[in-house]
Amino acid sequence: EAKSLTRDQLLPAARQSLGADHDLMLKIYQNLAVALRDNPKRTRGDPRWNQDSRGVSRPAFDFNTENDLREALTIMQDVVQRRRRVYGPTHPSTLSAQGMLSRFRIIST
């Protein structure tokens, strides 16, 4: 539901209002990529949630479909390109997006 709302309503409205390279647009795209990557059916009560070293519960990653993961990778590649062009290669937002893209690539192999 969140994926279709983002794709069908939020992205077109935000793109028209803000422009494709606006920081908020890039954040929306990143959030969509994460939603595509992660399985939305996971809940905190699910035994597949993991606890980190501090005892904080975090979801164990599970993917919707291979197509969703491919789309997430494509979106993140676009976000990294846009962030490099808009902010430069050493900006913290660019570096963060690059790190996220690297994690997506590791997960996809």
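At what angle do α2 and α3 pack, and how far apart are their axes? The two helices pack at an angle of about 160°, with their axes 8 Å apart; axes here are lines fitted to C-alpha atoms, for helices over the stretch in contact, and angles run from 0 to 180 degrees between N-to-C directions.

## Basis of the description

This is a predicted model, in which local features need pLDDT of at least 70 and side-chain atom pairs count only at pLDDT 80 or more, while totals for chains, interfaces and linings use all residues. Residues are numbered from 1 along each chain as its sequence is written, and side-chain values use heavy atoms, with hydrogens and water left out.

## Overall architecture

The protein has 4 helices and 2 strands, and along the sequence these follow the pattern α-α-β-β-α-α. Helices (H or I, at least four residues) and strands (E, at least two) are DSSP runs, numbered from the N terminus. Of the 109 residues, 32% count as buried, where buried means under 20% relative accessible area, exposed means over 50%, and partly exposed lies in between (1.4 Å probe, protein chains only).

Contact means heavy atoms within 4.5 Å. Among the contacts in the protein with a separation of 6 or more, 56% come from residues 24 or more positions apart.

Helix α3 covers residues 66-87. At 1.5 Å a residue, its 22 residues should span 32 Å, and the end C-alpha atoms are 31 Å apart, which agrees; the expected span is 1.5 Å times one less than the number of residues. Just after α3, G88 takes a positive phi of about 100°.

The buried residues of α3 are D68, L69, A72, L73, I75, M76, V79, V80, R82 and R83, and they pack against α1, α2 (23-37) and α4. An α-helix has 3.6 residues a turn, so residues three or four places apart point the same way. D68 has a relative accessible area of 13% and is therefore buried; leaving aside neighbours within four places in sequence, D68 is in contact with K3 and L36.

## The contact of α2 with α3

The packing angle of about 160° makes α2 roughly antiparallel to α3; angles under 35 degrees count as roughly parallel, over 145 as roughly antiparallel, 65 to 115 as roughly perpendicular and the rest as oblique. The crossing of α2 and α3 is left-handed, a term used if the near helix is turned anticlockwise from the far one by less than a right angle, with right-handed used if clockwise.

From α2, the residues D23, L26, K27, Y29, Q30, L32, A33, L36 and R37 meet D68, L69, E71, A72, I75, M76, V79, R82, R83 and Y87 of α3. By class, this contact has 11 nonpolar, 1 polar and 7 charged residues, with Ala, Val, Leu, Ile, Met, Phe, Trp, Tyr, Cys and Pro counted as nonpolar, Asp, Glu, Lys and Arg as charged, and the others, Gly among them, as polar.

## The contacts of α4

Helix α4 (residues 92-108) and helix α3 have axes that come within 9 Å and cross at roughly 160°, which makes α3 roughly antiparallel to α4, and their crossing is left-handed. The contact is made by L69, A72, L73, M76, Q77, V79, V80, R83, R84 and Y87 of α3 together with S93, T94, A97, Q98, M100, L101, F104, R105 and S108 of α4; these residues divide into 11 nonpolar, 5 polar and 3 charged.

The axes of α2 and α4 come within 12 Å and cross at roughly 20°, so that α2 and α4 are roughly parallel to each other, and α2 passes α4 in a left-handed crossing. Here Q30, A33, V34 and R37 in α2 meet A97, M100, F104 and I107 in α4, and the residues of this contact divide into 6 nonpolar, 1 polar and 1 charged.

## Two residues of helix α1

T6 is found in helix α1 (residues 2-18) and is buried, with a relative accessible area of 15%. Not counting residues up to four places away in sequence, T6 touches L11, P12, I28 and L32.

P12 also lies in helix α1, but at 32% relative accessibility P12 counts as partly exposed. Leaving aside neighbours within four places in sequence, P12 is in contact with T6 and R7. P12 and M25 are 13 residues apart in sequence and 10.0 Å apart in space, C-alpha to C-alpha.
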